[in-house]
Amino acid sequence: MAEIINMPRLSDTMEEGTVASWLKNVGDKVEEGDILAEIETDKATMEFESFNEGTLLHIGIQEGETAKVDSLLAIIGEEGEDISSLLNGDSQDDKANESSAEKTEDTSNETTKEESQEANEETNTESQDLPEGVTVVTMPRLSDTMEEGTVATWLKNVGDEVEEGDILAEIETDKATMEFESFQSGNLLHIGLQEGESAKVDSLLAIIGPAGTDVSSIAKNFKVGGSDSTPKEKKVEAPKQTKKEDAPKAAAKTEVPKKEVSTSNNNSTSQRIFVSPLAKKMADEKGIQLNQVKGSGENGRIVKRDIENFTTSTASGASAAKFVPTGQEDFDEVPNSNMRKAIAKNLAKSKFTAPHYYLNVEFDMENAIAFRAQYNSVPDIKISYNDIIVKACALALKQHPQVNSQWFDDRMQLNNHVHIGVAVAVPDGLLVPVVKFANEQSLPQIGAAVREYAGKARNKKLSLDEMEGSTFTVSNLGMFGIDSFTSIINQPNSAILSVGNIVEKPVVKNGQIVVGNTMKLCLACDHRTVDGATGAQFLQTLKGYIENPVTMLV
């Protein structure tokens, strides 16, 4: 639902504001905390952050235009949302206000001169009651929807010297805890609200003036619209206290109020860096590390001029500035194919419904290497390591039907036949043709079947029958140089074997370090059907076949 953003009151005396610049355009996405615009008040130019998320649908005040506080500044909502009723309603409100103003003017013309003189005399009397140099600071409106504020923390005490730009207090609004700066210099003579107390906007917050000035009568007689401030129980919720770091700041002289940033010094101890959001933004754009900048503001706060004047020579022990990219983000959109959608649906279902666990092993491949070389020495015969693994799995599964099982909601099916799915990568994703009755086929027959299915898969010629009925799956990325990985179970199978590359490495044999060849495998199991011990026993049987492949021929 669209939200109307009004011109905020960013200082205690602000009556109207001018949009200096918009940092977002109509149609742009807006996140909570994004800077919407820079607004000139009667005292400073400040960044105004968004408290809403959505799309900027309408800008009510153009750059350079001035409007009263609470005037329509912008509208944020969902992309494409109809906001005509909001705009029409705003126009009607403006007309109603103009009409009301005209009626008020007509009525005021009927007021007698005596009444006008009495009103002027009262105003003059009130202004005369304020001693010279004394300023009453009221509760500011720090967000467009703020009606009252709570003093979270006072950073100045009665009697303290206050400079223009000093942080007076941290004020909790309806949306965030924010730092409030002073626009006056002098002594803090009176605090109108204690920590934890709340009051309406424009209520007495503090009084600043020359040291020693008696302001007790001012504090006692101060009223705002006839409503008094109402103390509330002190709030101690941690989330609101910590949120102040990300909140938009209240006011500043030339920058927005300082923001607290955590960093580390050379001794790895926590150190606070005070920096205004505008200075922080400039530092990010210029690739300047804040811990290299010496702040010239209050308490060493880094302000705009510090970033503008910063050079690497001004930083003691400064390192090279961080990389600032000059390119732009770019992407291409590719519609999801039906195959990709099916893969996503099936694997997501498997991952989030089957309780996966993983068993990792490393097998000695010396005998397998010699066996393959000898087998391929026969004319017109060529087998791969993957063929050896598929055959070994098929024989091991016959001895461990629990791993060759399938899970259904009302039953568990222990398969006596062995149909092994072999994962094949294709441009659109992954296909799993099935080598049926793999335990009954010879190594050359398995090799021929896998090569045929792989060719059909890449040409999109696999039939549905050739991809259905697997009871176990093998996924091999060894040919791509992958040492080890884990796979998602191809349901309704209970397990899948991930096969890595054969790696030449130092190994220990008979107490001696020698050069050997090993291969890592990972068995992913569905804990509903395959217990850990069952999976481990299957791998032990598989180890026997792979490390001594001649046993597969017996």
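Tutor: Happy to. Let's start with T541, which lies in helix α11 (residues 532-547). Helices (H or I, at least four residues) and strands (E, at least two) are DSSP runs, numbered from the N terminus. This is a predicted model, where local features need pLDDT of at least 70, side-chain atom pairs count only at pLDDT 80 or more, and totals for chains, interfaces and linings use all residues. Residues are numbered from 1 along each chain as its sequence is written, and side-chain values use heavy atoms, with hydrogens and water left out.

Student: Is T541 buried or exposed?

Tutor: Buried means under 20% relative accessible area, exposed over 50%, and partly exposed in between (1.4 Å probe, protein chains only). T541 has a relative accessible area of 18%, so T541 is buried.

Student: Which residues does T541 touch, not counting residues up to four places away in sequence?

Tutor: Contact means heavy atoms within 4.5 Å. By that rule T541 touches A396, Q399 and H400. Helix α9 covers residues 385-399, and twelve of its 15 residues are buried, including I389, A392 and A396.

Student: How do α9 and α11 pack?

Tutor: Axes are lines fitted to C-alpha atoms, for helices over the stretch in contact, and angles run from 0 to 180 degrees between N-to-C directions. For α9 and α11 the angle is about 135°, with the axes 9 Å apart. Angles under 35 degrees count as roughly parallel, over 145 as roughly antiparallel, 65 to 115 as roughly perpendicular and the rest as oblique. α9 and α11 are therefore oblique to each other. The contact is made by I389, A392, C393, L395, A396, L397 and Q399 of α9 with F538, T541, L542, Y545 and I546 of α11.

Student: How do the residues of that contact divide by class?

Tutor: Ala, Val, Leu, Ile, Met, Phe, Trp, Tyr, Cys and Pro count as nonpolar, Asp, Glu, Lys and Arg as charged, and the others, Gly among them, as polar. In the contact of α9 with α11, ten residues are nonpolar, two polar and none charged.

Student: And what about α9 with helix α10?

Tutor: α10 spans residues 443-458, and the axes of α9 and α10 come within 9 Å and cross at roughly 115°. That makes α9 roughly perpendicular to α10. Here N386, D387, I388, V390 and K391 in α9 meet L443, I446, G447, V450 and R451 in α10. By class, this contact has five nonpolar, two polar and three charged residues.

Terms used
Expected span 1.5 Å × (residues − 1).
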